[in-house]
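Here is a friendly briefing to read with the sequence and the model side by side.

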Amino acid sequence: DAKTTQPNSMESNEEEPVHLPCNHSTISGTDYIHWYRQLPSQGPEYVIHGLTSNVNNRMASLAIAEDRKSSTLILHRATLRDAAVYYCILRGDAGGTSYGKLTFGQGTILTVHP
Amino acid sequence: GAGVSQSPSNKVTEKGKDVELRCDPISGHTALYWYRQSLGQGLEFLIYFQGNSAPDKSGLPSDRFSAERTGGSVSTLTIQRTQQEDSAVYLCASSSRASGGTDTQYFGPGTRLTVL
């Protein structure tokens with residue numbers, strides 16, 4: 001499976017933007033970039049995904065580098081509820097070893113200060 | 001709407017006993033996944049079902065672990081002869097279909113298993 005690298009932890013202040021980086025230098029052309037987050041004492045929840053173009057949804061934005069070797073999850077205005085572990089995950093096509101399952105790394109622990 | 005539900009929410013058992021953990025996926029979701037999360041190992045994949053068949057069982061840690069799914073809906077994860085290292089939160093997820101790139105997995109709240 002292609003690997004991702006994320007910082008262990010990041011901190012932000014409430015109502016400020018947060019940029020969570022992810023490196024995936026061995027990404028293949030058909031790998032999608034997914035982000036999930038896990039709030040304390042809850043199961044993970046989907047945040048966003050993309051392939052090549054930048055993506056926006058109600059939760060966040062995903063900025064993907066032109067060479068696709070890195071991406072950044074952007075929370076436009078952090079709230080205390082956004083404090084969680086954020087996971088960057090690559091998911092490939094049918095037949096690949098990453099098909100179906102999610103392979104979680106250590107993720108980034110985001111702390112949001114009031 | 002109803003999300004993924006799991007039962008029990010907490011289970012305490014004695015070493016050597018068998019346990020069954022249940023997952024009710026979102027209605028209509030054909031793919032179902034089991035993961036576990038422990039302090040030492042992070043979040044790890046166990047098995048997934050497409051319908052009632054399990055194309056990928058690669059994450060089951062030993063033959064003490066088994067899972068089944070009936071009627072394309074409810075799934076049961078069974079751990080026989082539990083050991084202390086089986087203590088973890090067992091998470092279930094479902095998606096409308098198993099795919100590589102674009103499906104979204106919806107997770108349940110988990111079952112916290114403690115083996116004394």
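A:Cys22 and A:Cys88 form a disulfide, with their sulfur atoms 2.1 Å apart; a disulfide here is a pair of cysteine sulfur atoms within 2.5 Å. The pair ties together distant parts of the chain, 66 residues apart: A:Cys22 lies in strand β2 of chain A and A:Cys88 in strand β8 (residues 84-91) of chain A. Please keep in mind that this is a predicted model, in which local features need pLDDT of at least 70, side-chain atom pairs count only at pLDDT 80 or more, and totals for chains, interfaces and linings use all residues. Residues are numbered from 1 along each chain as its sequence is written, chains are lettered from A and ligands numbered from 1 in the order in which they are written, and side-chain values use heavy atoms, leaving out hydrogens and water.

**The disulfide in chain A**

- The torsion about the S-S bond of A:Cys22 and A:Cys88 is about -85 degrees, so this disulfide is left-handed.
- A:Cys22 counts as buried at 1% relative accessibility (buried means under 20% relative accessible area, exposed over 50%, partly exposed in between, with a 1.4 Å probe and protein chains only).
- A:Cys88 also counts as buried, at 1% relative accessibility.

**The disulfide in chain B**

- Over all chains the structure holds two disulfides, and one of them joins B:Cys23 to B:Cys92, with an S to S distance of 1.8 Å.
- This pair too links distant parts of its chain, 69 residues apart, with B:Cys23 in strand β3 (residues 19-24) and B:Cys92 in strand β9 (residues 88-95) of chain B.
- Its S-S torsion is about -65 degrees, so the disulfide of B:Cys23 and B:Cys92 is left-handed.
- B:Cys23 is buried, at 0% relative accessible area, and B:Cys92 is buried at 0% as well.

**The sheet around β2 of chain A**

- Four strands of chain A make an open sheet in the order β2-β7-β6-β5, with antiparallel pairing; strands (E, at least two residues) and helices (H or I, at least four) are DSSP runs, numbered from the N terminus.
- β2 (18-23) and β5 (55-56) of chain A stand at the edges with a single partner strand each, so one side of each has no neighbour in the sheet.
- β2 of chain A pairs with β7 (residues 70-75) in the antiparallel sense over six bridges; strands pair if DSSP finds at least two bridges between them.
- Within this pairing, A:Cys22 stands opposite A:Ser71 in β7 of chain A.

- A:Thr26 sits in the loop between β2 and β3 (32-38) of chain A, and A:Thr26 is exposed, with a relative accessible area of 52%.
- The C-alpha atoms of A:Thr26 and A:Ile89 are separated by 12 Å, and the two residues are 63 residues apart along the chain.
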